[in-house]
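Here is a structure to read with a few plain rules in hand.

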Amino acid sequence: MNATKKILIVEDNEDLLHMLSNTLRGEGFLVVETKDGLQGFKIAQEEHPDLILLDLDIPGIDGLTFLKKLRGDKKNKDTPVIIFSNSADIENISEAMEQDVFCYLVKSDWELNEVIGKVKEALK
Amino acid sequence: MSLKIIHELNIRAQCQRLGVGLWSCPQFIFLIMGVVVISTILISYNVGQRYIDAQIVAIIVLFVTVFLFIISFIIIRAFEQVVKSKKLESEQAKEVLKLKDQFVFIAAHELRNPANAIKWGLSSLREEHPELAVKGKKLLDIIQRGNDRLLFLVKDILEVSRIEGGTIKITLKKISIDDVLTKACEEVQQSVRGQNSTIDCHINNDLPLVWGDSAKLEEVFVNLLSNAVKYGREGTNASVSTEVKDTTVVFHIADRGVGLSQEDQKHIFRKFWRSRKVHDTEGTGLGLFITKHLIELMSGRIWFTSKLEEGTTFSFSLKRADVPRLAGVGE
C-alpha cells in the first residue's frame with residue numbers, strides 16, 4: 001500500500017482551486033492549497049510534496065519563475081510538476097518544457113477527470 | 001546651410017509633407033500674403049504720391065504696411081494652431097485605440113478562469129450527482145453548450161486582439177501539407193458528425209514543401225473546412241484540391257452551398273460579420289478575419305469565388321519552399 005501522496009496546488013482562481021482539491025481529496029490524496037506563488041514555494045520547500053499542480057498566471061511570483069526556483073532547490077529538483085495555463089501560448093509552453101515538467105495543460109481543453117488521470121500518471 | 005534654405009523655399013514639398021492642400025498650407029498662404037502686402041504698399045504709395053503730400057503718404061504707407069503685417073501674422077498663426085491641434089487629435093486617437101486593444105486582451109483573458117470553472121463545475125456535477133445529470137440533462141446541456149461557445153468566442157477574441165496588436169507569433173518553417181491537412185480534416189470530421197455535408201480531403205501526395213507555420217496553417221484549414229461543411233447543402237461534399245504553380249501552392253476549398261450574394265461578398269473578411277442566410281448558433285464571425293490575417297502573415301494570399309445557390313470556393317496560396325528563397329520569406 002503506497003503512502004498517501006501529497007499534492008501541492010498553486011492556483012489563484014478560488015473555484016478552480018476548490019474543485020481540484022475536492023476531487024483530489026476524494027481520490028485519497030493529501031492536498032495542500034495556495035493561491036500565491038511565493039507562499040507555494042515556501043510550502044514546497046517545507047513540505048516536499050510528491051507532485052505540484054502549478055498555474056502559470058499567479059500572483060506573488062509568476063509560474064515560470066516559481067518553476068525555475070523550484071528546480072534550483074535541492075529537495076525539489078525532481079518533484080514532478082504539472083503546469084496549467086489559460087492560454088496555449090507556444091512561447092510559454094516551450095519555456096516551461098525546458099524546465100522539465102511532466103506536462104502542460106491548457107485548462108479549457110481538459111476535463112477535470114482527465115486532469116486527475118494525468119496526476120495519477122505523474123505519480124506512478 | 002544653403003541647402004536647408006533652398007529646401008525651406010520649396011513650398012510645394014513643404015505643403016505635401018504637412019498633408020494638406022495648397023490653400024490650406026501655411027507656407028503657401030504666407031507667400032501669397034507677402035505678395036498682397038508688397039503690392040498694397042506699392043499701390044498705396046503710387047496712388048498717394050499723386051494726390052497727397054509725400055510725407056503724409058509715407059506715414060499712410062507705413063501704417064498700412066504695419067496693419068497688413070499684423071493681419072498676416074494672425075492668419076498664419078491661426079493656421080499653425082489648426083495643424084497642431086489636428087496632429088494632437090490623431091495621436092490621442094491612436095493612444096485610445098491602443099488602450100482599447102489592451103483592455104480587450106486583458107478582459108478576454110480574465111473571462112477564461114470563470115469559463116473554465118463552469119466547465120469543470122459541470123463535469124463534476126454530472127459525476128457526483130448522476131441522478132441530476134439525468135433529470136436535468138437538457139438544462140445541463142444548454143449550460144454546457146453556452147459555456148463551450150463562450151470559451152470558443154474568448155479564444156477567437158484573444159486571437160483577433162493579438163493580430164491587431166501585432167503580437168501574434170508566426171514561425172515560418174518548411175512544412176509538409178499532408179500532415180497538417182490530415183490533422184485538420186480529422187478534427188473537422190469529428191466535430192461535424194451528423195451535419196449535412198461531408199468532406200473529401202483527398203489530395204496529391206507529392207506536394208512540394210511550403211513556407212508556413214504548421215499550427216496556424218492547421219487553424220486556417222480547420223476554419224475553411226468547417227465553414228465549407230457548415231454552409232454546404234444537405235447531401236453534398238465539400239472538397240479540397242490543390243494546384244502547384246511556379247512559386248506557390250494554391251489550395252481550393254469548395255462547397256456546394258448557398259453561396260454568397262454580391263453584398264455579402266464585400267463584408268466577408270470583416271470582424272464579426274455573419275451571413276444572414278445561415279441560422280446556426282455556433283460561429284463567431286471572426287473565423288475568416290483571423291484566417292485572412294494568418295495567411296497574410298505567412299506571406300500568402302486568400303481569395304474566393306462564389307455563386308448564389310451554387311456554392312463558394314475559398315482559395316489561398318502559400319509560397320513554395322523548394323524554389324530559390326525569395327527575399328523576406330522564412331529563415
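This is a predicted model: local features need pLDDT of at least 70, side-chain atom pairs count only at pLDDT 80 or more; totals for chains, interfaces and linings use all residues.

Q: Which residues of α7(B) meet α8(B)?
A: In α7(B) they are B:Val180, B:Leu181, B:Lys183, B:Ala184, B:Cys185, B:Glu187 and B:Val188. Their partners in α8(B) include B:Leu217, B:Phe221 and B:Leu225. By class, this contact of α7(B) with α8(B) has ten nonpolar, two polar and three charged residues.

Q: What makes α4(B) and α6(B) roughly antiparallel to each other?
A: Again, look at the angle. Helices α4(B) and α6(B) pack at about 155°. The cut-off for roughly antiparallel is over 145 degrees. The angle passes it, so α4(B) and α6(B) are roughly antiparallel. Their axes are 9 Å apart. The crossing of α4(B) past α6(B) is left-handed. Among the residues in contact are B:Asp101, B:Phe105 and B:Leu122 of α4(B), and B:Leu140, B:Leu151 and B:Glu164 of α6(B). By class, the contact of α4(B) with α6(B) has 14 nonpolar, five polar and five charged residues.

Q: Why is B:Glu164 called partly exposed?
A: B:Glu164 is found in helix α6 (residues 137–165) of chain B. It has 18 other C-beta atoms within 10 Å. Buried needs 20 or more, and exposed needs 12 or fewer. The count of 18 falls in between, so B:Glu164 is partly exposed.

Q: How far apart are B:Glu164 and B:Asp101 in sequence and in space?
A: In sequence, B:Glu164 and B:Asp101 are 63 residues apart. In space, the C-alpha to C-alpha distance is 7.7 Å.

Q: What makes α2(A) roughly parallel to α3(A)?
A: Helix α2 (residues 37–47) of chain A and α3(A) pack at an angle of about 20°, with axes 10 Å apart. That angle is under 35 degrees, so α2(A) counts as roughly parallel to α3(A). The crossing is right-handed. A:Gly37, A:Gly40, A:Phe41 and A:Ala44 in α2(A) meet A:Gly63, A:Phe66, A:Lys69 and A:Leu70 in α3(A). By class, that contact has four nonpolar, three polar and one charged residues.

Q: How do you know that the buried residues of α3(A) are on the same side?
A: In helix α3 (residues 63–72) of chain A, the residues A:Gly63, A:Phe66, A:Leu67 and A:Leu70 are buried. They cover an arc of only 100° around the axis, so they sit on the same side of α3(A).

Q: What is the pattern of chain A along the sequence?
A: Chain A reads β-α-β-α-β-α-β-α-β-α. That comes to five helices and five strands. Of its 124 residues, 34% count as buried.

Q: Which helix gives the most to the side of chain B that touches chain A?
A: The contact takes 14 residues from chain B and 13 residues from chain A. Helix α4 (residues 54–128) of chain B gives the most to chain B's side, with twelve residues. By class, that side has four nonpolar, six polar and four charged residues.

How values were computed. Residues are numbered from 1 along each chain as its sequence is written. Chains are lettered from A and ligands numbered from 1 in the order in which they are written. Two residues are in contact if their C-beta atoms, placed from the backbone, lie within 7 Å. Helices (H or I, at least four residues) and strands (E, at least two) are DSSP runs, numbered from the N terminus. Ala, Val, Leu, Ile, Met, Phe, Trp, Tyr, Cys and Pro count as nonpolar, Asp, Glu, Lys and Arg as charged, and the others, Gly among them, as polar. The arc is that of the directions from the helix axis to the C-beta atoms. Axes are lines fitted to C-alpha atoms, for helices over the stretch in contact, and angles run from 0 to 180 degrees between N-to-C directions. Angles under 35 degrees count as roughly parallel, over 145 as roughly antiparallel, 65 to 115 as roughly perpendicular and the rest as oblique. A crossing is left-handed if the near helix is turned anticlockwise from the far one by less than a right angle, and right-handed if clockwise.
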